[in-house]
Amino acid sequence: MKRVAILISGSGSNMVALADSMTGDHPARPVLVLSNVATAGGIAKAQAMGIATAVVEHKPFGRDREAFEAALIETLDAARPDIICLAGFMRILTPTFINHYAGRMLNIHPSLLPKYKGLDTHARAIEAGDDEAGCSVHEVTAELDGGPILGQARVPILPGDTPDDLAARVLPMEHRLYPAVLARFATGDRTPVVLP
Ligand code: GAR
């Protein structure tokens with residue numbers, strides 16, 4: 001059984017979708033939900049689901065990213081994770097952290113990568129006049145939002161869509177895509193998942 005740690009910064013809806021999926025004959029189980037924000041809504045949700053939680057705030061470390069990540073690694077490694085899922089974890093990670101979990105860290109990003117790496121993905125897709133948007137799950141490498149793509153899901157962009165409209169259409173697809181990719185990845189299968 002693979003041990004999965006999920007890193008969040010916010011409401012944790014992707015974390016809930018991942019945790020909900022890891023039951024029965026699924027090859028993985030959630031062992032830790034970790035947030036860098038003490039007030040993240042996802043922490044209370046994980047606790048209600050009976051999952052161990054931890055908070056490692058970045059703020060006390062100021063600009064010292066290395067020290068923050070050393071604290072993250074110490075807390076994470078105590079849970080002996082086989083797989084790390086970034087699920088709305090809004091800190092940029094250094095190569096030191098990424099190398100520590102090389103080949104076993106996933107991220108979900110709200111765009112059809114390689115388009116729109118970084119922030120404000122939905123506004124940028126609308127601004128560009130695209131007729132579709134979506135989400136991607138990828139392996140985390142040193143290149144921001146640039147690792148091998150392990151799954152994508154598409155939705156249309158409709159006339160008059162605001163970024164919030166688009167986010168509301170993409171998020172339910174994220175909740176389907178991430179568990180589908182994790183279920184494959186946990187068996188060692190890296191064949192990309194394509195939804196719908
Ligand atoms: C999700 O839309 C996720 O794709 C995005 O943050 C949201 C987290 O929502 N991630 C990024 O933008 C990463 N750069 P959640 O906390 O409800 O899962």
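This is a predicted model: local features need pLDDT of at least 70, side-chain atom pairs count only at pLDDT 80 or more; totals for chains, interfaces and linings use all residues.
**H26**

Is H26 buried or exposed? Its relative accessibility is 9%, so H26 counts as buried, because buried means under 20% relative accessible area. I then traced where H26 sits in the chain: the residue belongs to the loop between α1 and β2, and β2 covers 28-35.

Next I checked what surrounds H26. Leaving out residues up to four places away in sequence, I found that H26 touches M1, S21, L182 and A183. Which backbone atom does the side chain of H26 reach? I noted the backbone nitrogen of A28, at 3.0 Å.

I turned to the UniProt record. In an unreviewed entry, UniProt lists G12, S13 and N14 under "binding site". I compared this set with the lining of the largest pocket, and that lining takes in G12, S13 and N14.

I took G12 by itself. G12 lies in a loop, with β1 (2-8) on one side and α1 (13-21) on the other.

Where is S13 placed? I found S13 in helix α1. With residues up to four places away in sequence not counted, S13 touches L171 and H175.

**Aromatic pairs**

How many aromatic pairs does the structure hold? I noted two. I looked at the rings of F61 and F68: their centres are 6.0 Å apart and their planes stand at 50°. Why is this pair called tilted? Planes under 30 degrees apart count as stacked and those over 60 as edge-to-face, so the rest are tilted. The angle of 50° therefore makes F61 and F68 a tilted pair.

I also looked up the accessibility of both residues. F61 has 28% relative accessibility and counts as partly exposed. F68 has 4% and counts as buried. The cut-offs explain the two labels, because buried means under 20%, exposed means over 50%, and partly exposed is in between.

**Domains**

Last, I looked up how the protein is divided. Domain 1 is 1-102, and domain 2 is made up of 110-136 + 151-196. I wrote down 21 Å as the distance between the C-alpha centres of domain 1 and domain 2. How many residues of each domain are in contact with the other? I recorded 16 residues of domain 1 in contact with 11 residues of domain 2.

Conventions
Residues are numbered from 1 along each chain as its sequence is written. Side-chain values use heavy atoms; hydrogens and water are left out. UniProt positions are given in the numbering used here, feature names are shortened, and annotations may be inferred rather than shown by experiment. On a 1 Å grid over the protein atoms alone, a cavity is a set of points where a 1.4 Å probe fits but cannot get out, and a pocket is an open set with protein on both sides within 12 Å along at least five of seven lines; lining residues have an atom within 4 Å of a point. Helices (H or I, at least four residues) and strands (E, at least two) are DSSP runs, numbered from the N terminus. Contact means heavy atoms within 4.5 Å. Rings of Phe, Tyr and Trp (its six-membered ring) pair if their centres lie within 6.5 Å; planes under 30 degrees apart count as stacked, over 60 as edge-to-face and the rest as tilted. Buried means under 20% relative accessible area, exposed over 50%, partly exposed in between (1.4 Å probe, protein chains only). A polar contact is a pair of N or O atoms within 3.5 Å; within protein, one must be able to donate a hydrogen and the other to accept it, and residues adjacent in sequence count only if both atoms are side-chain atoms. Domain bounds come from an automatic or database domain assignment.
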